[in-house]
Every structure is written in structure tokens, then in C-alpha cells.
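Here is a short report on a two-chain model. Please read it alongside the coordinates.

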Amino acid sequence: MASPSPYPPGVTKEQAISMAQMEMEYRVELFNKLAQTCFHKCVDKKYKEAELNMGENSCIDRCVSKYWQVNGMVGQLLSAGKPPM
Amino acid sequence: MDANMMAGFDGLPDEDRAIMSSMIEQLQLRDSLRMYNSLVERCFVDCVDSFTRKSLQKQEETCVMRCAEKFLKHTMRVGMRFAELNQNASTQD
């Protein structure tokens, strides 16, 4: 009667939607923390001008890259401690 | 940041995609409001330090304008890099 479920076996639609929502919220928070942290690390609070200068631009790019690496490392570390699903 | 959020939902029935899409919209709206508040707080904290008058002084106004503009430009740049990293990560599998 029903068409085959597009979700992995054992996962209901409600569960899939809830997981997707959590994933999206996680991603939004990751982005926000990343933006705040790199602003704090790279931008001079005296606000001498409205533009980002070259130094700040490079710092931002590198900061984002490093933050991403740390994110990956911590992710691996956390998942290594768990039993395989 | 949000360009590829719908990308993983291609194989789903329309109704489910509509649910996901509306969830994304909600998330984005909530995030915009949160960003508004945090930008105000940040620029106030960084730019306003004297309370001898009720109105902002000229230099405080200038500082706030620069702060806000700078932060928005910064956020856009971070968004670009974030999207690049996301894409590289998903094409590595």
C-alpha cells in the first residue's frame, strides 16, 4: 500500500525530521560561534574604519580554517569513544 | 551558510521537503533576530563608555556605524569561507 520509505531502515519520518532539525540547529550555532570567535580574535575593537583591512581579511580566513580543523578533531575524538552503531 | 541546506533533501517526497524548507525558514528568521540583538550588544559594549549625557556623542555614533558595518562584512566573509569548507567536506566522501 505505501511506497518504500525514503529514510534509512528503522527511522520514521518524524525521527528523520527531528534529526534534520537538530543537525541544522547545530550548524547554525557552529557558524555563529565561529563568526563571533574570529571577530574577537582578528578585529581591532577601536573601529578606526568601516572596512576590513588586508590583515584582518587574512586573519579571518585563517581563523575560519583553523576553527574548522579544531571542529573536525573534536568530532573525531568524541565519536572514537562511542561503540559502533 | 544556508545555500546548501536543502541539498540533502532531493530524494524526499514533496510534503517532507516542504516541512524541511519551512524549518529552514524558521531557523533563518530566528537567527536574524539573534544576530540583530548580538550586534547591538557588541557595538554598544565596544563603543559606549560614558554616561554623562542621555544622547550618543558624535564619536560614539561613528564608532557604532563602523562597528556594525565591519561586523556585517566580517560575517559575510566568514559565510563564504564556511560554505567553501562545507563543500570540500561533502565532496570528499
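## Conventions

This is a predicted model: local features need pLDDT of at least 70, side-chain atom pairs count only at pLDDT 80 or more, and totals for chains, interfaces and linings use all residues. Residues are numbered from 1 along each chain as its sequence is written, chains are lettered from A and ligands numbered from 1 in the order written, and side-chain values use heavy atoms, with hydrogens and water left out.

## Chain B overall

Chain B has two helices and zero strands. Helices (H or I, at least four residues) and strands (E, at least two) are DSSP runs, numbered from the N terminus. The radius of gyration of chain B, taken over C-alpha atoms, is 19 Å.

Of the 93 residues in chain B, 30% are buried. Buried means under 20% relative accessible area, with a 1.4 Å probe and protein chains only.

## Annotated span in chain A

UniProt lists residues 18-78 of chain A as "domain: Tim10-like", in an unreviewed entry. Positions follow the numbering used here, the feature name is shortened, and the annotation may be inferred rather than shown by experiment. The span is 82% helix and 0% strand. Its end C-alpha atoms lie 22 Å apart.

## Nonpolar cores

A nonpolar core is a set of buried Ala, Val, Leu, Ile, Met, Phe, Trp, Tyr and Cys residues joined through side-chain atoms within 4.5 Å. The largest has 24 residues; Tyr47(A), Val64(A) and Val78(B) have the most contacts inside it. Two or more residues each come from helix 1 (13-42) and helix 2 (54-80) of chain A, and from helix 1 (14-47) and helix 2 (58-90) of chain B. Helix 1 of chain A gives the largest share, seven residues.

Leaving aside neighbours within four places in sequence, Val78(B) contacts (heavy atoms within 4.5 Å) Phe31(A), Leu34(A), Ala35(A), Ile60(A) and Val64(A). Another core, of twelve residues, lies apart from the largest one; Tyr7(A), Met24(A), Leu12(B) and Met23(B) are among its members.

## A buried asparagine

Asn86(B) is in helix 2 of chain B. Why does Asn86(B) count as buried? Its relative accessibility is 19%. Not counting residues up to four places away in sequence, Asn86(B) touches Arg27(A) and Trp68(A).

The Asn86(B) side chain makes a polar contact with the side chain of Arg27(A), at 2.6 Å. A polar contact is a pair of N or O atoms within 3.5 Å; within protein, one must be able to donate a hydrogen and the other to accept it, and residues adjacent in sequence count only if both atoms are side-chain atoms.

Terms used
Buried means under 20% relative accessible area, exposed over 50%, partly exposed in between (1.4 Å probe, protein chains only). The radius of gyration is taken over C-alpha atoms; the globule rule is 2.2 Å times the number of residues to the power 0.38.
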